[in-house]
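Hi everyone, thanks for making time for this. Please have a look at the structure on the screen, and then I'll walk you through a few of its features.

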Amino acid sequence: MAMLRPAERLAGADRTSGSPTTLRERLWNSRWCYVFMLPSLVLGALFTLYPMISSWYISFTDWSGLESDKRFVGVENYREAVGDAAFWSAFGRTFAFTAVAVPVMLILALFAALVLNDASLRMRAVFRTMFFLPVVTTTAIVGVVMSLIMNPFDGPLNAVLLDLGLIDRPVDFLGDPDLALWSVAGVFVWKWMGMSMIYWLVALQTVPQELYEAARVDGCTRRQTHRHITVPMITPFAVVIILITFVGALQTFPLVQSMTQGGPAFATELVELYIYRLAFAADFTPRLGYASAVAVFFGITVLIFTLAQVWGVRRAGAMQSDVKEVNRR
Amino acid sequence: MTIPTATEPTAPAQTITAPAPPRKRRGWRREIIVSLILLPICLIWIYPFLWMVGSSLKTDTEIFGSVSILPEQAQWENYTRAWYEANIGPYFWNTIFITVFTIAIVVVTTAMIGYVIGRYPFPGRKVLVVLLIATLFLPEGYTIIPVFDLINQLGLSGSLWGIILAESGGAHVIQIMLFAGYFRQLPNELEEAARIDGAGFVRTFWTVMLPLAKPAIATAIILALMRVWNSFLIPLVLTLAQPELRTLAVGVYSFQGENMTDWSGMAAASTIALMPIVIIFLLLQRYFVEGVAGAVRG
């Protein structure tokens, strides 16, 4: 990511009006620029930057959210988090969820995109619309509807499975602790697959049609074309797509909360839900300080994973192009 | 991710949504087979929505254990019950209010910052862009506690403006980059002509540049709409103590908790909540797809 273009390539009006030399002159000449970014920066500072710093601060206090003063307790919350079994189970579940949902979603989406990228398919716009429809709908409401559909007694999913004879008695998709997380993951993949599909379509559109034409003239089969043209051409995009999907898959709160609220018996309590429960839905006293510590701890873990992923995929990409380079010689 | 200031941001806009170019009838058999396989898959894909709309017009006994979609006789009173008794009506207006003002704030602020990032090489630009991209990887769930605290401290916890501010305040990097890319490719001559006519920085932006950016504005509005209409965590947390401020997403969620067995009412409430965004999506699909695609294209 982040291959920034040099500022010189910008179409700026200032370039034509001579080249200001000192920094002060340049700052003064750009004064309107700073005025224009002010509203965004103020909002960003209040609701993005401040919350980050404030999370850190709150995480070192035992604030309950009810009293106005926050008492400093040092690393006590972090020490507690490290020994907190409920946190670690939520942590493990979150990674299990991501590790299953992301690859399944990406592969399904790639498959759908490959099929729909075929320009000769006249109804492809209709199909694309249908696959994309769940993406635009309100996640929490979709969760409510899905929990009705998956209801073990009266839901249509069990009705159809019973009618088809695939099961003998109703399956409790969301009530069975061994199954609930995977039912939610299934709905998650259904809900967001259309998004990844659009990402892949963007990548596929960058492959020049002439390459495909040439391959066809050379008598390549569809599979060969995919292997030798599509895959290498879309690999650079894959890095970004995997990353966006991975980060997105950590935002599970609306769906899981509306489908199971973390139940049954905490079987679907992912980290986001655990934080919410500690801070806003506690049985006894809310613990905003401790919840912040969990949030910060988890946020850092995710960041490390994300960076590792970027690094790893970039390395793989670099190695691949090295190999290609060698082969060419 | 590069900033999408690279090349013609409008031209690739056509590619995903454009109709198929005329081609030889080669492989028509394959097309029919693919279509026949895809059609049932797609219908199953959107079945939950069809079931929801169907159930909203059924009686509860008719819904239970039934796979079919069409009701025997349309039960419109499900909608009246949801609208008045389950308070979906007030929640609907709350959501409209929040959505309209959030979109206005987001579009104006992101257009302004996008304009200067896209067109002016001011000192500190690179640092700004790097910071913006970094915020893309910041999950919302981990900042909700300070946001909740901040809204309370600002004394906005009892009004819809607290939600509006919290929704507008999140990083809207994709919109910023979209505007930056769009404004960047507008020709310099426009600006020079405006300057010769005596227009200053603000007038040039407001009367010359912004009107030219209509496609980018449309995409930015749609992106903001999708986000704020569907938002859940922020309105949930900010309305915990004030049920009358709930949005549709929070309202339907609470409806489920309070009336477990009223499936037809729940289906009607869900239909009311989803219908506006689904209709807008079907009408303005291009901008939805463009907005989503922007995340990768950049």
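**A walk through chains A and B**

Starting at the N terminus, the elements of chain A run α-α-α-α-α-α-α-α-α-α-α-α-α. That gives chain A 13 helices and zero strands, where helices are DSSP runs of H or I with at least four residues, strands are runs of E with at least two, and the numbering goes from the N terminus.

Some housekeeping before we go on. This is a predicted model, with local features needing pLDDT of at least 70 and side-chain atom pairs counting only at pLDDT 80 or more, while totals for chains, interfaces and linings use all residues. Residues are numbered from 1 along each chain as its sequence is written, chains are lettered from A and ligands numbered from 1 in the order in which they are written, and side-chain values use heavy atoms, with hydrogens and water left out.

Let's stay with chain A. Of its 329 residues, 49% are buried; buried means under 20% relative accessible area, exposed means over 50%, and partly exposed is in between, with a 1.4 Å probe and protein chains only. The accessible surface of chain A is about 16100 Å², and carbon and sulfur atoms account for 65% of that. These areas come from the Shrake-Rupley method with a 1.4 Å probe, and for residues only the protein chains shown count as cover. As for contacts (heavy atoms within 4.5 Å), among those in chain A between residues at least 6 apart in sequence, 65% join residues at least 24 apart.

Now, how many salt bridges does a search of the whole structure find over all chains? The answer is eight, counting a side-chain nitrogen of Lys or Arg within 4 Å of a carboxyl oxygen of Asp or Glu. Here are some from chain A. Glu80(A) pairs with Arg287(A), with the closest N and O atoms 2.9 Å apart. This pair links distant parts of the chain, 207 residues apart: Glu80(A) is in helix α3, and Arg287(A) is in the loop between α12 and α13 of chain A. Glu80(A) is partly exposed at 32% relative accessible area, and Arg287(A) is partly exposed at 31%.

Another salt bridge joins Glu269(A) and Arg277(A), at 2.6 Å from N to O. Is Glu269(A) buried or exposed? Glu269(A) counts as buried because its relative accessibility is 4%, whereas Arg277(A) is partly exposed at 27%.

Over to chain B. Helix α12 there, residues 214-230, has 17 residues and reaches 24 Å from its first C-alpha to its last, close to the 24 Å expected at 1.5 Å a residue. That expected span is 1.5 Å times one less than the number of residues. The helix α12(B) is mostly covered, with twelve of its 17 residues buried, among them Ile217(B), Leu223(B) and Trp229(B).

Elsewhere in chain B, Asn188(B) belongs to helix α10 and is buried, at 18% relative accessibility. The side chain of Asn188(B) makes a polar contact with that of Arg119(B) at 3.1 Å. A polar contact is a pair of N or O atoms within 3.5 Å; within protein, one must be able to donate a hydrogen and the other to accept it, and residues adjacent in sequence count only if both atoms are side-chain atoms.
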